[in-house]
Amino acid sequence: MRATGRRSRRWSSASSRCRAHRQAEPPAPLLRRMAETKVPAVSIAFIEDGRVKWARAYGQAAAGRRVTTRTRFQAASLSKAVAAAGALRMAERGVIDLDADVAPRLRGWRLPVADPGKGESVTLRRLLSHTAGLTLGGYPGYAAGEPVPTIVESLSGAVPSNTPAVRAFAPPGAKLAYSGGGYSVAQLAMSEAARRDFALLMRDRVLKPAGMAHSAFARFSDRETAVGHDETGAQIWGGSHRYSELAAAGLWTTPSDYGRFLIAIQKSWAGEQGALLSRSSAQAMATPVLGDYGLGVIALDRGGRRIITHGGSNAGFQCRFTALLDGSRQGLVVMTNGDNGGALAAAIQRTVAGAYGWDDTSAPPTPRAPDS
């Protein structure tokens, strides 16, 4: 359903005087909310019918530097859907098996087992759906000047890691518990199976095929990126944190680029020839394994329509996306560079959902795995 009436005009007129890659004047209510929540910048992209229909950027990427729709943000946990798509592409080519036990195939780190007598295995499907029974909900990242561990050091909790070792706390497949640690295991498994650096693997398997030319699992120059800000509105010390846990939290991207990724998933769901994934892989991604969680995404059924969504939270960054897999092929990506940006992104999503007649896109929170 296309937007009609006042709500549609409000969004379309907000920046009609500016080109898409330049900053528009913020609508007054949004400007007030940004000031109230101490969020310096908001960047938004709306997709429809297989293209980025509009993109807007408001505020400051950093002190004295305005944000544009080309400014990269940390995608935080939105990285997980991209990593899952990479795993699915590898599975389609026979490089990796989603349902095989990953433990015998890990050369650099030994996978802990909760209850060997249960006979259940930690598989990529379980890692990507947060059902592997592993700890460590998320990662704080590393400030500028701090040493960054390798992925094996991070998994082991070894110096210079600032998180404990990933361990098993439940039998595989027994429960849903959000685990960034599980995605780090998946990162290692994928990298070792392909015998390639994870960032380069994702570049070639997902980012390039999806047309994400302004994205990478690597840091860009400061002038190309937004700087994270804490809950008081102060810049994160030294700039933005760095992450070796790339699959869980390490993608830098723009809302428009991430929208292109969602378009690639929508085309895959529709079974289009030459799409990023096969139709069966897209269905696996967007079908819940336990609760509402599929592979890298929260998968909802609302009014007979399949919707995928996810939020993300890194130090100084909050973001979220929603994409409809029905005939409308609509979707929204919102990225902010403030610790208080999550509520603001949710409010923007509610406004857009109302304008375009979407069904409820909310989902109950996923239980978080213990951190130790």
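## Backbone exceptions and one buried glutamine

Arg329 is found in the loop that runs between strand 8 (317-324) and strand 9 (331-336), where helices (H or I, at least four residues) and strands (E, at least two) are DSSP runs numbered from the N terminus. The model is a predicted one, in which local features need pLDDT of at least 70 and side-chain atom pairs count only at pLDDT 80 or more, while totals for chains, interfaces and linings use all residues. Residues are numbered from 1 along each chain as its sequence is written, and side-chain values use heavy atoms, with hydrogens and water left out.

Although Arg329 is not a glycine, its phi is positive, at about 50°. Asp49, in the loop between strand 1 (41-48) and strand 2 (51-62), is likewise not a glycine and has a positive phi of about 55°. The table sets out both residues, with buried meaning under 20% relative accessible area, exposed over 50%, and partly exposed in between (1.4 Å probe, protein chains only).

| Residue | Phi | Relative accessible area |
|---|---|---|
| Asp49 | about 55° | 44%, partly exposed |
| Arg329 | about 50° | 17%, buried |

A further backbone feature is the cis peptide bond from Val159 to Pro160, with omega near 15°; Pro160 lies in the loop between helix 5 (151-156) and helix 6 (180-194).

Gln349, in helix 11 (residues 341-356), counts as buried at 4% relative accessibility. Leaving aside residues up to four places away in sequence, Gln349 touches Arg320, Phe321, Thr322, Leu332 and Thr361, contact meaning heavy atoms within 4.5 Å.
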